[in-house]
Amino acid sequence: MRIPVEWLNDYIDLTDKNALELANALSLSGTEVESVEFPWNYIEGAFTGRIESVEEHPDADNLVVTKVSVGEKLYQIVTADKTVKAGEYIAVILSGGKLWNLEIKDRKFRGINSEGMFISLEELRLEEKSETVFRFDHPVETGKDIRETLKLDSAVIEVELTANRGDCLSMFGIARELKAIYRKEIEYPLAEIEENQKEKIDISIEEGCKRYTALLMDNVTIKESPLWMKRRLVAAGLRPINNVVDITNYVMLETGHPIHAFDADLIGGNRIIVRKAKSGEKLTLLDGKEVELIESDLLITNGEEPLALAGIMGGMKSGISPNTRRVLLEVAVFDPVTIRKTARRLGISTDSSYRFERGVDPSDSFYVIKRLASLISEFSGATVSSRITDAGTPSEKIKLHLRKWFVDKVLGTVVPIEDIESILSHLGFELEEAGDGWEVEVPAYRYDITQEIDLVEEVGRIYGYEKVPSVLPRILPSQESIPVEIKEIRKLKRILTASGYNEVINYSFLNPEKIKKVSGDFDPPMLQNPLSLDFSAMRPSMIFGLLETASYNFRRQNKDLKIFEIGNVFQNTDKVNEHLSVALLAMGKENAEDYTDKRTLSPYTFKGTIESILQLYGVKYSFEPASEDWLEKRAAADVIINGEKVGYFGIFNAEIADRVFEVKGQELFIAELNVDKLIELKKTVVKETIISPFPRVFRDLSLLVPHHLNFSEVEKTITEYAGKYLTSVKVIDIYKGKGIPEGYRSITVTLTFESSENTLTDEKVSSAIENIIRSLKNTGVNLREQ
Amino acid sequence: MAEPLIDLQSALEEIDKVSELSALQNIKAKYLGKQGVVTRLFKQLSTIPQEEKKAFGQMVNNLKKQLESKIAEKRSEIERRMREEKEQKNRFDITLPGAIRDMGAYHIVTQVMEEVQEFWLSMGFEIATGPEVEEVYYNFEALNTPEWHPARDMHDTFYFNSNRLLRTHTSPIQIRVMEKRNPPLAIFAPGKCYRKDTPDTTHLPMFHQFEVLYVDRHVSVGHLKGVLETFVKRIFGKDRKIRLRPSFFPFTEPSFEVDVSCGICGGAGCRSCGGTGWLEILGSGIVHPNVFRSVGYDPEEWSGFALGMGVERVVMLKHDIADIRDLLRNDKRFLKKFMGVNI
Ligand SMILES: [Zn+2]
């Protein structure tokens with residue numbers, strides 16, 4: 001909301017404060033200040049002047065040449081407005097002045113020099129479209145800055161009000177804040193009218209409308225509003241329309257009470273029935289849009305057809321027009337939730353609905369309607385033609401007990417009694433001493449005050465938190481350990497960064513169409529109200545973000561990349577499940593920074609990284625052919641623990657990488673593990689095993705293994721036939737090429753034998769080796785001839 | 001007296017010219033070997049008349065000594081040179097780059113989160129976590145934000161259905177912890193949050209937040225101030241100050257926006273703080289009695305403070321990042337730039 005300071009000055013004397021001081025004081029007492037600005041600062045060097053003479057331009061029929069006195073000096077101004085007359089008081093920008101970005105300079109019009117230009121209300125943003133230059137309707141001192149004379153030099157403070165402070169959405173509201181801050185008094189404008197019984201209004205209301213107050217006025221003349229009112233409305237960010245509409249807006253900004261004015265001749269009788277809408281009922285609003293209503297919407301009707309959408313917007317049919325002669329003024333109070341539901345559903349937010357949603361004072365309806373009527377009669381010549389007619393009641397004022405010690409306890413300082421009393425009473429609360437504190441009556445406009453703690457906050461924010469001394473609490477050391485997933489995340493990040501992988505963070509949102517381009521197997525949870533298609537699905541797997549990251553980097557010449565991400569992935573179940581996942585992606589060189597290492601990534605080195613992670617969990621894992629159809633079958637596997645799949649790794653399908661992610665000519669290695677599963681399966685208790693004091697025996701075997709035979713089979717045979725002393729089988733070399741028959745590869749393993757009871761004899765080991773060799777032969781594996 | 005058979009000067013010069021150990025060995029044999037010139041001179045000694053014997057002997061001895069010392073000197077010279085040549089040959093150019101073992105970088109958001117977490121752990125807070133997919137009750141209702149309350153406008157929320165949503169803040173974790181445990185408690189709750197904001201230079205629809213909750217018997221605004229001051233000094237620097245600006249959050253009362261004094265102008269006002277001298281960094285307040293009621297704590301007996309802070313905001317302030325979206329672009333050069341800044 002925009003607060004013109006000169007307007008505030010009508011109610012509270014702020015002449016001893018500058019706008020920045022006010023802004024600072026407001027912001028430190030809970031009214032957030034967005035900006036302090038001077039809306040007419042785009043005009044410089046514009047002065048009041050008096051036209052001394054007007055002459056025809058010798059060479060142009062459409063121009064006149066004037067002499068204008070500005071202070072002591074006389075200037076020659078050429079203008080196209082031929083209506084100007086000698087003796088008129090005008091506003092003129094002289095050469096050297098500025099209008100927006102336009103610098104005003106001497107300019108020749110058909111040979112005649114002009115030392116500036118006249119200003120119209122359009123240039124002052126006080127009129128939509130000006131036909132003539134602006135004239136004062138009374139003599140003014142000349143040579144004065146126009147901003148000063150027209151009061152356009154006052155600051156506007158823009159405030160952002162928190163959701164609880166509907167009472168501050170007005171000049172009165174902000175004045176009340178300043179009253180408490182500076183402990184000053186407020187003067188409210190007088191509002192007196194003469195009611196009569198020329199006409200009668202019938203009002204009936206129902207649930208959703210707390211109070212409805214109306215008044216009829218006759219002999220209205222629709223015309224422009226006075227300049228000062230337009231100025232204030234413009235400064236406050238509203239567009240002047242006509243006197244009646246402007247006055248309803250003006251009084252709303254002044255009091256915070258939304259107001260509606262109907263053309264009384266267009267509502268068909270002086271009857272107002274406030275009722276819930278019928279399902280399917282339709283109404284065309286002031287902005288021309290037709291809305292279809294449901295049963296929870298509240299309508300203002302004439303008993304038959306709807307006139308307005310209560311508290312939100314008037315209807316087109318009964319709106320004020322240039323022909324309006326009679327008006328029915330509405331000052332109502334509607335239930336915040338009813339208004340909010342309708343406004344939200346229809347996607348409409350107006351100055352009126354915004355205020356009703358936050359709560360409007362039900363106790364000031366008579367004052368507001370009188371204020372309204374007195375201004376309308378003053379500026380449109382209208383006369384009151386009915387009594388103020390009222391339905392509903394102002395709600396009961398609530399009383400709260402406030403304990404002095406409670407104030408001190410919450411704020412952490414002893415607040416002097418006089419301060420508490422002065423602050424609350426300046427904020428409009430009525431206090432009566434009672435027991436260990438006060439009985440406090442809450443003003444009706446303070447919808448947000450319902451509990452004792454609310455009063456404590458009122459005291460604190462005005463008293464000033466800079467006065468509260470800082471203390472450190474004594475917090476006992478926690479007996480709880482760090483949650484296991486936090487520990488796991490930290491550990492994984494440590495291992496992966498040390499392995500050369502960079503951590504990335506991607507959106508949890510995805511474009512579902514992109515997911516489908518990779519595989520139809522995913523069924524991501526969908527958001528009901530996404531920002532856009534790109535952000536509409538929750539990631540069912542972490543790989544999409546990593547692939548996007550790879551694509552982004554690949555296209556920017558970062559072709560060697562090792563990245564990982566840890567975060568939640570989501571499953572489309574009733575509750576929308578989520579679990580913690582870690583995913584890795586690598587492409588390009590094995591060690592990009594190491595010029596002595598020319599290797600590109602291989603399935604074995606990538607698998608090694610996966611295994612390093614798995615080994616952290618101390619569980620037996622195995623690999624099976626991958627079930628993901630978007631991995632290359634030749635180099636991909638599922639990771640299995642205790643018969644359960646916990647993840648996968650492999651080379652990403654090259655065709656999809658190219659088509660969907662624009663990565664080509666480079667293999668993408670990708671892996672994902674379910675961290676929640678790993679935590680669940682993790683071996684938590686590790687006990688010490690006695691390390692044997694007897695020497696170990698190592699034997700190397702170079703084996704010729706057929707291509708089709710997996711090493712896991714070879715290993716299985718070795719362990720099955722090695723006897724009880726074999727403790728490990730370790731691959732130390734793989735060789736293909738010279739000396740190796742076609743269809744075979746050589747795998748060299750080191751076998752370790754160990755006994756915890758005695759030193760192993762050569763015979764024992766040799767017989768085990770013989771056993772192994774014999775059994776391997778049966779599977780087609782032979783010793784390589786040395 | 002017999003003329004010496006050797007010209008000492010030319011012998012010394014001959015040694016000088018030698019550059020190989022083998023050649024030196026030959027010269028040594030030539031003069032000092034069994035058949036060497038000097039040895040032969042010694043053998044002549046018996047033929048020398050008695051009166052000249054002494055002088056001759058001295059002369060030959062002297063000759064031998066000079067040759068020996070010259071050869072030894074030459075030998076060590078050659079050996080030294082050979083050693084140097086060998087070293088030169090095997091020298092490694094220490095100015096060539098090392099074969100760097102590429103370390104990965106922690107994301108800068110993680111780094112700052114860890115730094116913040118360290119602080120709260122050191123203060124005695126424990127870590128708590130909660131789901132990203134939340135129930136409306138935990139995200140709003142239990143936090144004193146009923147349906148249709150205008151405060152819900154501050155949290156434009158992503159929904160799966162009428163009851164499931166993406167949490168808009170880490171505050172639901174407060175409720176989940178308090179439901180399970182009795183006070184006193186001090187928790188730090190980090191996590192991802194989501195709000196329906198179109199990405200721009202200062203907004204992301206997904207961001208990281210942490211929540212701090214402290215509940216004990218006599219917790220006041222003074223405690224909140226004390227803890228915040230310590231926190232800000234640790235994270236932003238010892239010369240930084242804070243101020244509490246009264247604000248509104250449904251789940252705390254009184255509520256505060258917390259500003260930290262601008263690090264660039266020191267509070268005098270500059271461009272980066274919009275001329276105010278202060279930068280808004282987090283929201284906080286005294287836990288609202290209704291929140292305690294919703295978890296079954298007696299608000300007359302217990303009191304507490306809570307605060308919540310966006311991590312991206314701290315990252316941007318600390319590392320002078322102008323566009324928040326850079327944090328999610330994951331350009332390798334960006335990731336590497338923050339290698340080891342905080343961890
Ligand atoms: Zn600054």
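This is a predicted model: local features need pLDDT of at least 70, side-chain atom pairs count only at pLDDT 80 or more; totals for chains, interfaces and linings use all residues.
**Figure 1. Asp320(B), an exposed residue in a loop of chain B**. Look for Asp320(B) in the loop that runs between helix α10 (311-319) and helix α11 (326-329) of chain B. Its backbone deserves a glance too: Asp320(B) is not a glycine, yet its phi is positive, at about 55 degrees. As background, most residues other than glycine have a negative phi.

**Figure 2. Asn144(B), a buried residue with a positive phi**. Here is another loop of chain B, the one between α6 (136-139) and β3 (164-166), and Asn144(B) sits in it. Asn144(B) is not a glycine either, and its phi is about 60 degrees. Is Asn144(B) buried or exposed? The relative accessible area of Asn144(B) is 19%, so this residue counts as buried, the cut-off being under 20%.

**Figure 3. The cis peptide bond between Pro183(B) and Pro184(B)**. Before you zoom in, keep in mind that most peptide bonds are trans. The bond that joins Pro183(B) to Pro184(B) is cis, with omega at about 0 degrees. Pro184(B) belongs to the loop between α7 (171-180) and β4 (185-194) of chain B.

**Figure 4. The cis peptide bond between Glu253(B) and Pro254(B)**. Glu253(B) and Pro254(B) are also joined by a cis peptide bond, and omega is about -5 degrees in this case. Where does Pro254(B) lie? You will find Pro254(B) in strand β7 of chain B, which covers residues 252-261.

**Figure 5. Chain B, the setting for the views above.** Step back for a moment and take in the chain, with its 12 helices and 9 strands. Along the principal axes, the C-alpha atoms of chain B fill a box of roughly 135 × 45 × 40 Å. The radius of gyration of chain B is 43 Å, whereas a compact globule of 343 residues would have one near 20 Å. Buried residues make up 53% of the 343 residues in this chain. Among the contacts in chain B with a separation of 6 or more, 65% are between residues 24 or more positions apart.

**Figure 6. Glu118(B) and Arg490(A), a salt bridge between two side chains**. Now we move to where the two chains meet. The side chains of Glu118(B) and Arg490(A) form a salt bridge, with 3.5 Å from N to O. How many salt bridges does the rule find across the interface of chain A and chain B? The count is 4. Polar contacts link 37 residue pairs between the chains, both residues being at pLDDT 80 or more.

**Figure 7. Ser551(A), a buried residue in a helix of chain A**. The relative accessible area of Ser551(A) is 3%, so it counts as buried. Leaving aside residues up to four places away in sequence, Ser551(A) touches Phe661(A) and Val663(A).

Note on methods:
Residues are numbered from 1 along each chain as its sequence is written. Chains are lettered from A and ligands numbered from 1 in the order in which they are written. Side-chain values use heavy atoms; hydrogens and water are left out. A polar contact is a pair of N or O atoms within 3.5 Å; within protein, one must be able to donate a hydrogen and the other to accept it, and residues adjacent in sequence count only if both atoms are side-chain atoms. Helices (H or I, at least four residues) and strands (E, at least two) are DSSP runs, numbered from the N terminus. The radius of gyration is taken over C-alpha atoms; the globule rule is 2.2 Å times the number of residues to the power 0.38. Buried means under 20% relative accessible area, exposed over 50%, partly exposed in between (1.4 Å probe, protein chains only). Contact means heavy atoms within 4.5 Å.
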